[in-house]
2 protein chains.
Amino acid sequence: MRRILIFVAIACLSAPAAAGDLPTAAALRDRALSDSTAWNLLESLTTEIGPRMVGSPAALHARDWALAKLKALGFANVHAEAFAKPSWARGEESAEVLAPFPQKLAVIGLGGSVPTPPQGIDAPIVVLKNYDAVLAARPGAFKGKIVVVNQPMTRTQDGSGYGAAVVARYGASEAAKRGAVAYLVRSISTSDTREPHTGSGGFGPDAPKIPAAALGVPDADLLEHMAARGPVRVRLKLASFVRPNSMAWNVSGEIVGSVKPRDVIVVGGHLDSWDPGTGAIDDGAGVAITTAAAKMIGQLPRHPRRTIRVVLWGSEETGGSGDAYLAAHKGELARIVVAAESDLGSDRIYRLKLPPSGPDQRGLKPLAAALAPLKVFVSPDPAMHAGSDVEGLQKAGVPVFSLDQDATRYFDIHHSADDTMAVVDREQLNQNVAAWAALLYLIADSDVNFRAKMGK
Amino acid sequence: MRRILIFVAIACLSAPAAAGDLPTAAALRDRALSDSTAWNLLESLTTEIGPRMVGSPAALHARDWALAKLKALGFANVHAEAFAKPSWARGEESAEVLAPFPQKLAVIGLGGSVPTPPQGIDAPIVVLKNYDAVLAARPGAFKGKIVVVNQPMTRTQDGSGYGAAVVARYGASEAAKRGAVAYLVRSISTSDTREPHTGSGGFGPDAPKIPAAALGVPDADLLEHMAARGPVRVRLKLASFVRPNSMAWNVSGEIVGSVKPRDVIVVGGHLDSWDPGTGAIDDGAGVAITTAAAKMIGQLPRHPRRTIRVVLWGSEETGGSGDAYLAAHKGELARIVVAAESDLGSDRIYRLKLPPSGPDQRGLKPLAAALAPLKVFVSPDPAMHAGSDVEGLQKAGVPVFSLDQDATRYFDIHHSADDTMAVVDREQLNQNVAAWAALLYLIADSDVNFRAKMGK
């Protein structure tokens, strides 16, 4: 109730904005809807670089691509910040049912998985309906077996089904503690297509390391159907290696503020991606959307009062870019006005969540009005998550906001070979750019202090 | 106009039906909606056999599976009719962009393709927008090049977009005549996912044999995007081999007619499938639907007047089962009342097309009434196509009908790894069974002479 009242207060507040006028925001927004910058960035990144896992040659190409693009688009202070990031790479991978009904299976290794021996692991399977059944099993229950977890994921607009399902992807260590020799998890996916979806395996330090892979959704069902008939043997082959000394880079560039250049708004997407697709919606889209929005603001006759800094994060998928950034920017934390990341695909934004609300609303009055024509509403609920790469900043006290994207089909595609330009809807991509451009302009050209609102 | 009048005549005709009463048809239909036979058959076939290309060990298993299932479901005269069918099998396949932007590509060899040398073919590409551009090219235009045809397919409810697009899959020979060293075609697919869709390559006798494969839809776009920037080199590796002496089998079983057992209605689906998926919608569904419908009729207290013969065809994907059947059944052609095949997936039926209409409508009066609750209408247009496997019968003068399925999403899946049980909607599958059961019962229990209607 309190939140709703505060929300109404935001919407109705009639104090003059310190800056950030609605007509400029509206014009930016409308231009963005037919602008080609984001589309072209995304097409360039997926075509010229393609998949770009940390530690791969493509990650280095992606760094150079980002530096060149930010410079070409007129950003200032363009540079890359290197950090150490041990990395993992897959080799050949396969799986098949050996008996009783020989069939090939679609699998993809989970990030961080140890390899199998070259001849593979050939073992009986045990199929469990969900991750809780792994946890409930007694010690030794899976001795000598390949554990298969067939836990489905729920489709949701806000993506919240992911959290409930992804625990199963982290189950290898718990299975290993109970004797499993390998771990196969149903892809964390809302689709019924066969491409398996990878992701980090979350291997714990306190359990034997066993090979772990994701099965295509139909393949997990297939194994469950077979297992209902009697014993099933599967052969799993995974090759992988680790580069202990590899590096990653956060690449950034700025639209320098005209009045308070040291007050910084940090936004961006992540440059790194998983490898089966071309990293279009995860997260070429976030890179393209935030870069395009900031670039359009940079082309205004007058820059907004405060600086907009686009950070293209170098290691979201395997963690670490946020920590590295926090360590490198400890000295300016107090000047980071607010932070956010675009990392839930390329489909339309439907909602804005702001930092917890308070009395200081100068400059935010036109916000709801600027976003309404895009069918984006301002939520009375505060932003709780704003992207993995800004979690470090968030924990260190930096306020965050989120422009929430429609994730209804995101997890059909995420971390699979289906993540390519073909699934990107240009109109929805540009709706994202329009929302980011209007919002960033209004915040950057205001003096709003989100920390005051948060009582910090 | 004439057709419409005749259609109205069918619907309104008030002469008493010779047999085939609506209450029995309606009861069959309604039972079918909650029957589990089709679902169980499909689950069994995809789980216990999986993909079953002609000539593979799985094709032999599928034959034995079909014989056992038909017997267990109470069919009479269950047997397999063997015919010679040279077959093709794939080995390891891969493709990648070598320069200027190295990336892996998703490919699958086309049926009948010759292999590449073991080290692959490494050549520059030329990207064409459609198959017409292949035909329009001058002799020698593609000398030393890999031809890439990026022709999209249109989504249609009746599947008619396929015919317009699939010509591109048959383009290798025309490219080879103009000097191409290999041929890559955008998958004949309406989807934007990355699984490539295979199919026969249609290699002509009058052209050099070159390796040919289908690209994932996004991969074809990717190559077009790269080629727009300058020269692109691709390496294609395809392994394959031919079994010149392999066999295939049409498996059949009958619900023997109670009055005119030698008058036969031939229906079925095809047992063989392509190999990347488990052959669920192409065409385990057709096998399951027609078998389940006939089985339910076989369980009636009294069999219909005429015989219903289910033929589970052994070689639809690479042709030949219909010819073999025609050759083996020449002597009874005149007694085949009508033929049809279920081979467009597992989604709902929306329309019935009958043989060309004429004056003899005895027994068909309840037809529209029996199908209407399933939201199936009787088209005024005659059936022109009733499945590849009955084309031989059709050309030999056997009347055909078609129960037209909604193919809106069929070509998202068809001939790709995505063809599994996961995409089958049980309710729609059973709507198919219900329509087939009601229709087959009414036709089989009537004396309608479709040939008279056709003026033959």
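This is a short chat about the predicted model shown above.

Me: What should I know before reading the numbers?
Reply: This is a predicted model, so local features need pLDDT of at least 70, side-chain atom pairs count only at pLDDT 80 or more, and totals for chains, interfaces and linings use all residues. Residues are numbered from 1 along each chain as its sequence is written, chains are lettered from A and ligands numbered from 1 in the order in which they are written, and side-chain values use heavy atoms, with hydrogens and water left out.

Me: How is chain B superposed on chain A?
Reply: By a rotation of 180 degrees with 0.0 Å of shift along its axis, and the RMSD is 0.0 Å. The two copies are thus related as by a two-fold rotation axis.

Me: New topic. Where is Ala339(A)?
Reply: In strand S13 of chain A, residues 336-341. Strands are DSSP runs of E, at least two residues long; helices are runs of H or I, at least four; both are numbered from the N terminus.

Me: Is Ala339(A) buried or exposed?
Reply: Ala339(A) is buried, at 0% relative accessible area. Buried means under 20%, exposed over 50%, and partly exposed in between, using a 1.4 Å probe and protein chains only.

Me: What does Ala339(A) touch?
Reply: Its contacts include Val266(A), Leu393(A) and Phe401(A), leaving out residues up to four places away in sequence. Contact means heavy atoms within 4.5 Å.

Me: How many residues does helix H14 of chain A have?
Reply: H14(A) has 19 residues, 426-444. It reaches 26 Å from first C-alpha to last, close to the 27 Å expected at 1.5 Å a residue. That expected span is 1.5 Å times one less than the number of residues.

Me: Why call H14(A) largely enclosed?
Reply: Because 17 of its 19 residues are buried.

Me: What order do the strands take in the open sheet of chain A?
Reply: S15-S14-S16, with mixed pairing. S15 (377-378) and S16 (402-405) of chain A stand at the edges with a single partner strand each, so one side of each has no neighbour in the sheet. Two strands pair if DSSP finds at least two bridges between them.

Me: How do S14(A) and S16(A) run?
Reply: They run antiparallel, joined by four bridges. Ile349(A) stands opposite Gln405(A).

Terms used
Copies are superposed by least squares on the C-alpha atoms of residues with pLDDT of at least 70 in both.
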